[in-house]
Amino acid sequence: MKVTVTVNGSQVEAEVPDRTLLVHFLREQASLTATNVGCDTSSCGACTVLLDGQSVKSCTLLAAQADGRAVQTVEGLASGDDPDAMHPVQRAFRAEHGLQCGFCTPGMVMAAVSLLAENSSPTEEEVRSALEGNLCRCTGYHNIVRAVLAAASENQATAASERQA
Amino acid sequence: MSILGTRVVRTEDPRLLTKGGTYVDDMRLPGMARVTFVRSPVAHAMITGIDTSAALAAPGVVAALTAADLTDLGPPPPDDGSGPNEAAPLPLGGPWSEPLLAVDRVRYVGEPVAMVITDERYQGEDAAELVSVDYEALPAVVGYDAALSGSTLLFPAAETNVAISGGAPADDSAFEGCEVVVEQTIENQRLAPVPMEGRAAAAIWEDGKLTAWVSTQNAQITRFILSGVLGLDPGAIRVVAPDVGGGFGAKVGLDRDAILVVWAAKHIGHALSWTETRSENLLGMTHGRAQRQTIKIGGTRDGRIQAYRLDIVQDTGAYPRMGGFLPFLTRLMAAGPYDIPNASAASTTVVTNATPIAAYRGAGRPEATAAIERAVDLFAAEIGKDPADVRRMNLVPDGKFPYQSPCGPVYDSGAYTGALDQVLAGAGYRELRAEQARRRERGDVLQLGLGVSSYVEITAADAEGGETAQLIVHDNGTATVYTGSSAHGQGHHTAWAMLVEAELGIEMAKVTVIHGDTDLIPLGTGTYGSRSLQLGGVAVHKAAVEVKEQARLLAADLLEASESDLELDTGSGTWQVRGDPASSKTWAEVASHAGDGGLTASVHHTAQPTFPFGSHVAVVEVDTETGKARLIRHVTVDDAGTVLNPILFEGQRHGGIAQGVAQALYEEVAYDADGNPLTSTLVDYAAITAAELPSFELLTSETPAANPLGAKGIGEAGTIGSTPATQNAVIDAVSHLGVRHIDMPATPERVWAAINAARGTL
């Protein structure tokens, strides 16, 4: 079937087998390989992307279910890999050493972006609870949690200074 | 001020955060087809027939291969008739030989039986279902006792299920003078490593050269294995380790599955790629731990430990790979950080119808620490003393280093008592004990448990094999490091660039670090056993020192000065005549003067193992009605010598601690009585999540090691310390109810059962 998805602002149109998973559509048809597959039971969250702004596990949706909709992957967050061009969450992950091997990172970052969109100043417990569906084997989550909290306070500070201005 | 010891954020991160890494599954080779394995669904059976004809007729199928197709391999290494030998442990040959694809017998669920190759990924799963394999079931050997009984043999020609054994014979006279003797059988359960990226390989055969991209911890060892199995000259093989999504010991070299992918690329002349699913990973990637331990500890009533004995049965799964070697490391470290006059250990390694065992974060050492740390707590409980006090009384005193352990190794350096006192103070141990007493007094449902562990471990156990580094300072003033170490999350690229900047003053941004490509780095060993910094890092450092000495001669020539008057200003990266800053030459100028495009130094650094140490305190709350245990604080001192980059050092500790807590409380690979795996997805295998952990409290202690960087290894220490601390904490929480031991993982069911057994209400 023909599927058309707006991925990171660009339209991607492809003829794919009906059973194609969204994550494979992103990796194969859209050639965006940052989003990884870490399990086959929707348990690990490595494939987390935003679908119309909501975080989803892209291994659990058919590409067909994203037809006509907008997907954002980690490749769509920053305007380049220059540290200054990164999204506040990406910058915080780097500053706090919130990644090691990098495999869970794209999904983890998108889950964090989604969390902060819903709750701009989460507590540590709320961050841990929100990331329960995203596994990381390297960091013990310690610095991931710190990164999300740091990104939240950076957002708060930015919002406060914008209000003052 | 040197950059060493400062908090430098990673150079690796911008790429990983914005574009994602390039893992094997991200490779796109021309005409690439996909490999899907047909795996045994039964634990133990004879194969009486394989029919691939239906699969071959399915859409998109390029080939379907079985053991009958393995006709173009090199001859197997000759059996030298010496029998099992711990010095050359993997894999065992002779009657224990492990095939690439099952020939006439399968020995574990998940064992590769056939492979199908298809144009597209999804076609492979369909076609694999069409391969028809006839199995004639055999009784499954599940667990230690079934293996030891020998009533069913996995390898009839071997005439036993015992693959290897070793150690010191038991000597009960050691316990004769002891006022108190405690014995306990402990199970150190089977675990799955679960790197977030499973196993993966891609390969292409072009113009007589085989190129393989493998998710591995060491490209050079991978090439060595491939060269042997495929019968190809090493020069005809290029192995690349691209980004690797975690390894934890289970990606040392490469497994038979990945060997088959590389073989098939050559056999059918087709670019191939394979990335396992998580279910395959939980069945096919080697597991870790799996020891049944019997401990015996004896001493005086006032707390002095006089004798310790550890007897191990190691389950090595269906084939004796590295699992046969792990008990050697357990035995070596059996006495732990204690000055025990009489300590010994022995082990018996058996095969069972389960996934083969190999290294998993700590690889034999966490098992040693888990055993003695339980023993010390049992001993302390028996004599009614605080376990921290018993530890302090028995730790190797500072004045005894280097310390000869009765189990073999010589511990290089340490301040064991200081680490214990530091962690107790940092945790507020006395106040926690008071809070525990209040809760006990009130009979609270939520009881507090304090777990202490002290450890010493061995890192770079194979330091005599060393590690390589080549450093080139180019004539434009930039530098390239080629390292035999192999990064898979540890931050080597950042650390090695820091070493170059520190020694030469070439800023990190101008230093490129390359690893994991045998065409560029033919000689190297890779990353495992917490060996990288103390071997690979020191090799980089020594290469920088060597380049500096070469440069001194060139700068002297350029500046028409005596070598002894020259100095390198590492702040600006320029050579100067001492006392005359105006006379300065940049690295570009000096390296250009060398001709040949720059300056080069190659180093193969060998050393001796080092012995990191520390102490952990875990604080848990246990719900005495449900048995649920929750870690609420974890405080650690992990002394691995001088710290190069605290950010990386802490990251290694965090990850290690979490994996240890996971073993203590949650994770376990389980089989039913027929050898069917019960934990073959991440729904069933309880990989630890953020919601189950607190933030960790890390304290600092640095006792330099005797190498130029003062470094010991830190990759596994967190796991080694945190596992017994957490287990001890759970038992401590309910010890006032009469509980003395609970095996790992301390699940609510087990804790509840232990409480009720002690109360006599079960």
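Trainee: Before we start, when does a residue count as buried?
Mentor: A residue is buried if 20 or more other C-beta atoms lie within 10 Å of its own. Keep in mind that this is a predicted model.

Trainee: Okay! Which residues of H5(A) are buried, then?
Mentor: Among them are A:His142, A:Asn143, A:Ile144, A:Val145 and A:Arg146. A:Ala151 and A:Ala152 are buried in H5(A) too.

Trainee: And what covers the buried residues of H5(A)?
Mentor: The cover includes helices H2 (88–95), H3 (105–118) and H4 (124–130) of chain A. Helix H16 (646–665) of chain B is part of the cover as well.

Trainee: How many residues does H5 of chain A have?
Mentor: Helix H5 of chain A runs over residues 142–164 and has 23 residues. From first C-alpha to last, H5(A) reaches 33 Å, close to the 33 Å expected.

Trainee: Switching to chain B: at what angle do H10 and H11 cross?
Mentor: Roughly 160°, with the axes of H10 (residues 387–394) and H11 (residues 416–427) of chain B coming within 9 Å. That angle is why H10(B) is roughly antiparallel to H11(B).

Trainee: Which residues make the contact?
Mentor: H10(B) brings B:Ala388, B:Arg391 and B:Arg392, while H11(B) brings B:Thr417, B:Leu420 and B:Leu424. By class, that contact has three nonpolar, one polar and two charged residues.

Trainee: New topic: is B:Trp274 buried or exposed?
Mentor: B:Trp274 counts as buried because it has 27 C-beta neighbours inside 10 Å. B:Trp274 lies in strand E12 (residues 272–275) of chain B.

Trainee: What is B:Trp274 in contact with, leaving aside neighbours within four places in sequence?
Mentor: B:Trp274 is in contact with B:Val35, B:Ala200, B:Ala201 and B:Val261.

Terms used. Residues numbered from 1 in each chain as written. Chains lettered and ligands numbered in written order. Predicted model: local features only at pLDDT ≥ 70, side-chain atom pairs only at ≥ 80, totals over all residues. Axes fitted to C-alpha atoms, helices over the stretch in contact; angles between N-to-C directions. Helix = DSSP H or I, 4+ residues; strand = E, 2+ residues; numbered from the N terminus. Parallel < 35°, antiparallel > 145°, perpendicular 65-115°, else oblique. Contact = placed C-beta atoms within 7 Å. Nonpolar A, V, L, I, M, F, W, Y, C, P; charged D, E, K, R; others polar. Expected span 1.5 Å × (residues − 1). Buried ≥ 20, exposed ≤ 12 C-beta atoms within 10 Å, placed from the backbone.
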